[in-house]
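These are my notebook entries on one structure. I record here what I looked up, entry by entry.

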Amino acid sequence: MPVKIAFVLAIAMLMSACSSNPHVVHQPSSVKDEGSIDLYIVSHGWHTGFVIPADEIQARLPELKDRFPNTPYIEFGWGDKGFYQAEEITSGLTFRAIFWPTPSVIHAVAVPDDVESYFGNSEVEKLCLTNHELASLIDFVEGSFHKDENGNIIPLKNGIYGNSQFYQGMGDYYLMNTCNTWTAKGLKSIGMDITPMFKLTASSVMTYLQNRDRSPSGTSNPIACVLRG
């Protein structure tokens, strides 16, 4: 393949990562920029996700209240449908997930109050969000679920650990639109100065969070809002 064509294709793939579903959302101006709400970002080595106060997102998606009625937090991750749900990971699944657009799923997990202990074998970063920022993140996460004609999210099989559930996701997973790009889009949605197209790995997301200069709102102490696992 000529160098110029390869370069154009590479640029197109980078651009598509920005425009692919789920999309970054803009912060809603109707929500007051106040409050201090804990949000956790968890890295499982290859995959990152958000741990969000359950009541906040259950108010938007009541099906999650029915499925997880008594949990203080819910972890959300977005990823490839075949790879994420597979009981056994094969080279074929890995190849398709990386190099060919495939349907996506959301993985939701009930998480207790002591988030950092629950994820004791994972890397954890903690942010303090305002109501404004959390509302924007919930907009993003809600938009990551595919809904049926009645506006309901669509449950699939049980999840892979703990009390968990897969749901049909919005958008396709591929090399430039990964689970970690998804997390970066969520961080971008709350106002963080992050470039999702360059956050393809879990380590790139967590390194960004560890090196950030300030919290998303610019008002809270970033040191007090960080837990490193």
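I take contact to mean heavy atoms within 4.5 Å. The model is predicted, so I note that local features need pLDDT of at least 70 and side-chain atom pairs pLDDT 80 or more, while totals for chains, interfaces and linings use all residues. Residues are numbered from 1 along each chain as its sequence is written, and side-chain values use heavy atoms, with hydrogens and water left out.

**Entry 1: Val-115**

I looked up Val-115 and found it in helix 6 (residues 115-118); helices (H or I, at least four residues) and strands (E, at least two) are DSSP runs, numbered from the N terminus. Which residues does Val-115 contact, leaving aside its neighbours within four places in sequence? They are Tyr-40, Val-51 and Tyr-73. Val-115 counts as buried because its relative accessibility is 0% (buried means under 20% relative accessible area, exposed over 50%, partly exposed in between, with a 1.4 Å probe and protein chains only). I also checked Lys-126, which is eleven residues from Val-115 in sequence and 9.9 Å away in space, C-alpha to C-alpha.

**Entry 2: aromatic rings**

I searched the whole structure and found seven aromatic pairs. Rings of Phe, Tyr and Trp (its six-membered ring) pair if their centres lie within 6.5 Å; planes under 30 degrees apart count as stacked, over 60 as edge-to-face and the rest as tilted. One of the pairs, Phe-140 with Trp-182, is tilted, at 5.5 Å centre to centre and 35° between the planes. This pair links distant parts of the chain, since Phe-140 is in helix 7 (residues 131-142) and Trp-182 is in helix 8, 42 residues apart. Phe-140 is buried, with a relative accessible area of 1%, and Trp-182 counts as buried at 1% relative accessibility. Ring pairs join Phe-50, Phe-140 and Trp-182 in a cluster.

**Entry 3: helix 8 and helix 9**

I then followed helix 8 (residues 179-189) to helix 9 (residues 202-211): they pack at an angle of about 25°, with axes 8 Å apart. Helix 8 is therefore roughly parallel to helix 9 (angles under 35 degrees count as roughly parallel, over 145 as roughly antiparallel, 65 to 115 as roughly perpendicular and the rest as oblique). Where do they meet? Asn-180, Thr-183 and Leu-187 in helix 8 meet Ala-202, Val-205 and Leu-209 in helix 9.

Among the buried residues of helix 9 I list Met-206 and Tyr-208. Their cover includes strand 1 (37-43), strand 2 (48-53), strand 5 (123-129) and helix 8.

Terms used
Axes fitted to C-alpha atoms, helices over the stretch in contact; angles between N-to-C directions.
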